[in-house]
Amino acid sequence: MELEIVEKWTARIVAREVSILSPSVQPGVQFLLRARNDLEAWGTYAGMPLDLVSSAAAIEALESCEHPDLEPVIRGSRIALRDYIREHRGALDLAVLDAALRILARADRNADLCDLIESIIRRIRESRNGTGWGSPVASISSTADVLLGLLPYRSLAGDLIDSTVKLLHDEQNQDGGWPIAVGGSDSAPIPSARAICALVAAQPEQEGNDFQDASRYLQGLLSRGWQPLLSELGGVQMAARLLRAVALLKSFPFDIVLQGVDLVLDQRNSDEAWGEK
């Protein structure tokens, strides 16, 4: 549920400056609030057992609204998730470890939480598969997700951050996209989108030709429009992930971004939120 791009590109409303959320965002926010389970967290579907990856995505979506009325919900969920992460940290796989770092990034820090974060980063460091992350082979998507998770912790993982940024730049193909696997050849949309999101977060100034090349690749991908990509990418969630990447690129044509927003809005379900139809 990529609610932040809808807020950013359709209404241009900063929620802290107004009393209500953008109409295009309100139903999605209400859905997320209703979808919490008994632990004040989120599962893969509404009310299901806790899933850290889904919970991280939900918290980030709510945070992106920048609405003060949501802060108690976010804080309560983060506390519940912090306790869950502490209790289950020995059994978490890579994707969940990355989600845990994203959840804890804005949590109130104390010695106990710092120890927890350090142990998670140590696990991520140990799970590195060659130069990147992923199993059975290192993938661009997993490596990009790890970079996003590590960025708030430069003081603890500066060497990992720098080496991963370099790796993603080195893995960019001549056409401006990224392959599925580290060391692969053919560019693919979703790994490219995830690499772009991670690199923009690491280097928001977007200096150098790599970002221009990425924009060129995605413009070529979207030369047929957004609709043909919807089925090829596997649904609206993947289309929204691609939309986030193009919206972040400074050099990407704004009219194509707006077309993507229209596509995402058109894919809402009867409850005006998103998911499988």
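This is a predicted model: local features need pLDDT of at least 70, side-chain atom pairs count only at pLDDT 80 or more; totals for chains, interfaces and linings use all residues.
1. Where the lining comes from. Two elements give two or more residues to the lining of the second largest cavity: α9 (189-202) and α10 (209-221). Helix α10 has the largest share, with three residues.

2. Overall fold. The protein chain has 13 helices and two strands. Its C-alpha atoms fill a box of roughly 45 × 45 × 35 Å along the principal axes. Is the radius of gyration what a compact globule of 277 residues would have, or what else does the chain show? A compact globule of that length would come out near 19 Å, and the protein chain has 18 Å, so the two agree.

3. Burial and contact range. Of the 277 residues, 49% count as buried. Now take the contacts with a separation of 6 or more: 61% of these come from residues 24 or more positions apart.

4. Nonpolar core. The largest nonpolar core has 85 residues. Which members touch the most other members? They are Leu52, Leu62, Ile85, Ile120, Leu168, Leu218 and Leu242.

5. Leucine 242. Set aside the neighbours within four places in sequence. Leucine 242 is then in contact with Pro189, Ala193, Leu218, Leu221, Leu222, Trp226, Leu229 and Leu233. One of these partners, Leu218, is also on the list of core residues that touch the most other members.

6. Aspartate 145, location. Aspartate 145 sits in helix α7, which covers residues 140-150. Is aspartate 145 buried or exposed? Its relative accessibility is 18%, so aspartate 145 counts as buried; the cut-off for that class is under 20%.

7. Aspartate 145, surroundings. Beyond residues up to four places away in sequence, aspartate 145 touches Asp98 and Arg194. How far is aspartate 145 from alanine 198 in sequence and in space? The two are 53 residues apart in sequence, yet their C-alpha atoms are 7.0 Å apart.

Conventions. Residues are numbered from 1 along each chain as its sequence is written. Side-chain values use heavy atoms; hydrogens and water are left out. Helices (H or I, at least four residues) and strands (E, at least two) are DSSP runs, numbered from the N terminus. A nonpolar core is a set of buried Ala, Val, Leu, Ile, Met, Phe, Trp, Tyr and Cys residues joined through side-chain atoms within 4.5 Å. Buried means under 20% relative accessible area, exposed over 50%, partly exposed in between (1.4 Å probe, protein chains only). Contact means heavy atoms within 4.5 Å. The radius of gyration is taken over C-alpha atoms; the globule rule is 2.2 Å times the number of residues to the power 0.38.
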